Amino acid sequence: VISMFLNTLTPKFYVALTGTSSLISGLILIFEWWYFRKYGTSFIEQVSVSHLRPLLGGVDSSSPSNSNTSNGEADSNRQSVSECKVWRNPLNLFRGAEYNRYTWVTGREPLTYYDMNLSAQDHQTFFTCDSDHLRPADAIMQKAWRERNPQARISAAHEALEIEDCATAYILLAEEEATTIMEAERLFKQALKAGESCYRRSQQLQHHGTQYEAQHRRDTNVLVYIKRRLAMCSRKLGRTREAVKMMRDLMKEFPLLSMFNIHENLLESLLELQNYADVQAVLAKYDDISLPKSATICYTAALLKARAVSDKFSPEAASRRGLSTAEMNAVEAIHRAVEFNPHVPKYLLEMKSLILPPEHILKRGDSEAIAYAFFHLQHWKRVEGALNLLHCTWEGTFRMIPYPLEKGHLFYPYPICTETADRELLPMFHEVSVYPKKELPFFILFTAGLCSFTAMLALLTHQFPELMGVFAKAFLSTLFAPLNFIMEKVESILPSSLWHQLTRI
């Protein structure tokens, strides 16, 4: 029966069969590639793991070992979520004086809508409170921080200032309307006068009820923000010693307000002064196992250790005599920093071009690497041989963590979510750095091979129909030979009458 069926097939059938197979596998390949580019995983593999394996008995939810595993996965997921939290960039630029100037020159928008929306949420959290509606100027500013249109925000700030000296209105104008750092500093000084009077007034009334307590908390946030931005203005205008003094005074006056990460501003200013002893003192306080790390902390620690040996470091000499204790400490510090954020070295070594840093960063992500390198590249260049030591040793980190998404060496496994969050934070014209590099899933390679093979068969069958027909019949005959053999054996064993009845059925 099978041989009769094969003999009736024409070359047109084989052309149609191979052409259809090639088309279907090509469509699967295109869909798989699109899904992988968008979600970072294979659709077929995801469906197999999520839906088919449980049906086939691959998961036993009742076993204690699996319950322990699921608990471990839940813990790692919680850790991943906490590590994928987006943080305010401690050294964020001024919109009017820096970001907008970049837009005027290049025509490109350096900030994404997602980043600016996060800033709007921060402003509403830090600069507003529930009792703002009781004061006309604060009520106007409460609406201004929610406004999407920059010109509408600026107009609202001017309207609030016509009523009274409003600290938050001066802040908005300094951030968004001022076109130079000097102009921004002038506005922040006016904001400081208004902010200090509000702070003293609310400080006396803070114990009179929850409403006054919330207002005092808001006034504290406003005052800290103004003083920090004034210190940053001094740093940008070259008055670095003055900036360091302002930051130190601010950290002493408000030691509990660590959310602004003022110590990172202080570290950058101290490095500019080349005051490495004070940098080490700040690191000793903040590079603690119980405190959250950052690229600034890890890479500054690496820079200080590299500084001790980098001027005389030679890879050829080190390979002959081995590393000294100081060199080993420097290399270990670099490996620690690279494990925390593997995106930084390419920016420091100028293997990848820098862009303006965003207003928010993702720790251990590309956005944090850009923010760090943008301000600290000059400090690495100033230390003789530091970049050469980094160039020779940074890639050695990856040998210690062959599977960074599963197990880290000194830190938690590298979070999976960084690429997605960084794409939201960074502008479209920037190519987001991805770590670790994703390998193409098996099913994409398989469908690519299947599509190419069937397309080649369709082309050969169309060009040489008779010859390919002979090959196809020979292949199918060989394929079905075991089945024919079994059928013949069954016919010889079973009675002919029974076989006749079965064929009739």
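Does Leu390 count as buried or exposed?

Analyst: Leu390 counts as buried, at 0% relative accessibility, where buried means under 20% relative accessible area, exposed means over 50%, and partly exposed covers what lies in between, with a 1.4 Å probe and protein chains only. This is a predicted model, in which local features need pLDDT of at least 70 and side-chain atom pairs count only at pLDDT 80 or more, while totals for chains, interfaces and linings use all residues. Residues are numbered from 1 along each chain as its sequence is written, and side-chain values use heavy atoms, with hydrogens and water left out.

Leu390 sits in helix α20, which covers residues 386–393; helices (H or I, at least four residues) and strands (E, at least two) are DSSP runs, numbered from the N terminus. If residues up to four places away in sequence are set aside, Leu390 touches Ile334, Pro345, Leu348, Leu349 and Trp380, a contact being heavy atoms within 4.5 Å. A further residue to look at is Val331, which is 59 residues from Leu390 along the chain, with 8.2 Å between the two C-alpha atoms.

From there we can turn to helix α19, where Ala369 lies. Ala369 is also buried, since its relative accessible area is 0%. Apart from residues up to four places away in sequence, Ala369 touches Asn341, His343, Val344 and Tyr347. With His343, the separation is 26 residues in sequence but 5.8 Å in space, taken from C-alpha to C-alpha.

The loop between β2 (360–362) and α19 holds Arg364, whose phi is positive, near 75°, although Arg364 is a residue other than glycine. Arg364 has a relative accessible area of 3% and is therefore buried. One of the residues in contact with Arg364 is Phe411, which also reaches Lys293, Cys298, Arg336, Glu339 and Phe340 when its neighbours within four places in sequence are left aside. Phe411 belongs to the loop between α21 (397–400) and α22 (418–425), and at a relative accessible area of 17% it is buried. Phe411 and Glu339 are 72 residues apart along the chain, and their C-alpha atoms are separated by 7.5 Å.

Two other loop residues are not buried. Gln274, in the loop between α13 (262–272) and α14 (276–286), has a positive phi of about 60° without being a glycine, and it is partly exposed, with a relative accessible area of 44%. Glu109, in the loop between α5 (95–106) and α6 (113–127), counts as exposed at 52% relative accessibility.

Helix packing can be followed in α9 (residues 167–177) and α10 (residues 181–205), whose axes come within 8 Å and cross at roughly 170°; axes are lines fitted to C-alpha atoms, for helices over the stretch in contact, and angles run from 0 to 180 degrees between N-to-C directions. The two helices are therefore roughly antiparallel to each other, the cut-offs being under 35 degrees for roughly parallel, over 145 for roughly antiparallel, 65 to 115 for roughly perpendicular, and oblique for the rest. On the α9 side the contact includes Tyr170, Ile171 and Leu173, and on the α10 side it includes Leu187, Phe188 and Ala191.

Among contacts with a separation of 6 or more, 70% join residues 24 or more positions apart.

Finally, a word on confidence: the chain has a mean pLDDT of 82, with 83% of its residues at 70 or more, where pLDDT is the predictor's confidence in each residue, from 0 to 100. Confidence is highest in helix α19 (residues 366–382), at 95, and lowest in helix α4 (residues 64–83), at a mean of 43. Over residues 58–82 the pLDDT is below 50, and this stretch has seven contacts in the model beyond near neighbours in sequence.
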